Amino acid sequence: MIAAGGLAAGQSLFGVEEAAAAEAAPSSRVSLTVNGRRHTVTVDNRTSLLDLLREHLGLTGSKKGCNAGACEACTVLVDGHRVNSCLTLAVRLDGSEVTTVEGLANGDQLHPLQQAFIDQDAFQCGYCTPGQIVSGVGCIQEGHTGSADEIREWMSGNICRCGCYVKIVRAVEQATGRK
């Protein structure tokens, strides 16, 4: 038996019942529509929307960059609004409609912004690309595409470590029909 700090390995400060209660995290059932498909799952109440998408639904397009809301690689649309899925608790979205980068295409037909990213070569490593595209779609839907400066302002939270900002703005302009 190994002792550390006065406790023998395997011993607990709590009784068996208290330890079991501490291990069982509260969970809830959540029903939401993701990319047009209804899902009902039971998740730990601390589960982020990003983790629900990636770990429970297998939708890995949204990336976990900083996990603190600073890079926006995890951007998705919730009820048509852009959100950082890493900061959004899944249990708060019961009944919501979520759109990820996987849900933008119509079958084999890419969303105009997805095609514009290819046409404009608006990515290098590609890590931020899903969040950039979803954010760009939100920007277009919100009507914030009147100029290159307006696009840059409304997408300023989306970080691209490769520095493809000029091409990203051109892609958004192309998708709006301005370029």
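## Salt bridge between Asp 44 and Arg 46

Asp 44 is partly exposed, its relative accessible area being 24%. In this predicted model, the side chain of Asp 44 meets that of Arg 46 in a salt bridge, with an N to O distance of 2.6 Å. Arg 46 has a relative accessibility of 64% and therefore counts as exposed, because the exposed class begins over 50%.

Side chains of opposite charge can pair when their charged atoms come close. A search of the whole structure finds five salt bridges, among them the pair of Asp 44 and Arg 46.

## Salt bridges across the chain

Asp 51 forms a salt bridge with Lys 64, and the closest N and O atoms of this pair are 2.8 Å apart. The pair links distant parts of the chain, 13 residues apart: Asp 51 belongs to helix α2 (residues 49-56), and Lys 64 to the loop between α2 and β5. Asp 51 counts as buried at 18% relative accessibility, because buried means under 20%. Lys 64, at 31%, counts as partly exposed.

A further salt bridge joins the side chains of Lys 167 and Asp 121, with 3.6 Å from N to O. This pair also links distant parts of the chain: Lys 167 lies in helix α6 and Asp 121 in the loop between α3 and α4, 46 residues apart. Lys 167 is partly exposed, with a relative accessible area of 31%. Asp 121 is likewise partly exposed, with a value of 42%.

## Helix α6 and its packing

Helix α6 spans residues 165-175, and its buried residues include Ile 168, Val 169, Ala 171, Val 172 and Glu 173. The buried residues of α6 pack against α3, α4 and α5 (148-154). After α6 comes Gly 177, which has a positive phi near 85°.

Helix α4 (residues 129-142) holds Gln 132. Gln 132 is buried, with a relative accessible area of 2%. Beyond its neighbours within four places in sequence, Gln 132 is in contact with Phe 117, Met 155, Asn 158, Ile 159, Cys 160 and Ile 168. One of these partners, Ile 168, is itself among the buried residues of α6.

## Surroundings of Thr 75

Thr 75 is found in strand β5, which covers residues 75-78. Thr 75 is buried, with a relative accessible area of 2%. A polar atom of the Thr 75 side chain lies 2.7 Å from the backbone oxygen of Glu 72.

When residues up to four places away in sequence are not counted, Thr 75 touches Ser 62, Arg 82, Val 83, Asn 84, Gly 131, Val 134, Ser 135 and Asn 158. Gly 131, Val 134 and Ser 135 are among these partners, and helix α4 takes in residues 129-142. Asn 158 touches Thr 75 and is also in contact with Gln 132.

## A nonpolar surface patch

Leu 110, Ile 118 and Phe 123 make a nonpolar surface patch of about 230 Å². Ile 118 has its place in helix α3 (residues 112-119), one of the helices against which the buried residues of α6 pack. With a relative accessibility of 46%, Ile 118 counts as partly exposed; patch members must have over 30% relative accessible area.

Technical notes:
Residues are numbered from 1 along each chain as its sequence is written. This is a predicted model: local features need pLDDT of at least 70, side-chain atom pairs count only at pLDDT 80 or more; totals for chains, interfaces and linings use all residues. Side-chain values use heavy atoms; hydrogens and water are left out. Helices (H or I, at least four residues) and strands (E, at least two) are DSSP runs, numbered from the N terminus. Buried means under 20% relative accessible area, exposed over 50%, partly exposed in between (1.4 Å probe, protein chains only). A polar contact is a pair of N or O atoms within 3.5 Å; within protein, one must be able to donate a hydrogen and the other to accept it, and residues adjacent in sequence count only if both atoms are side-chain atoms. Contact means heavy atoms within 4.5 Å. Patches are made of residues with over 30% relative accessible area and no salt bridge: like charges are joined within 9 Å, nonpolar side chains (Val, Leu, Ile, Met, Phe, Trp, Tyr) within 5 Å. Accessible areas come from the Shrake-Rupley method with a 1.4 Å probe; for residues, only the protein chains shown count as cover. A salt bridge is a side-chain nitrogen of Lys or Arg within 4 Å of a carboxyl oxygen of Asp or Glu.
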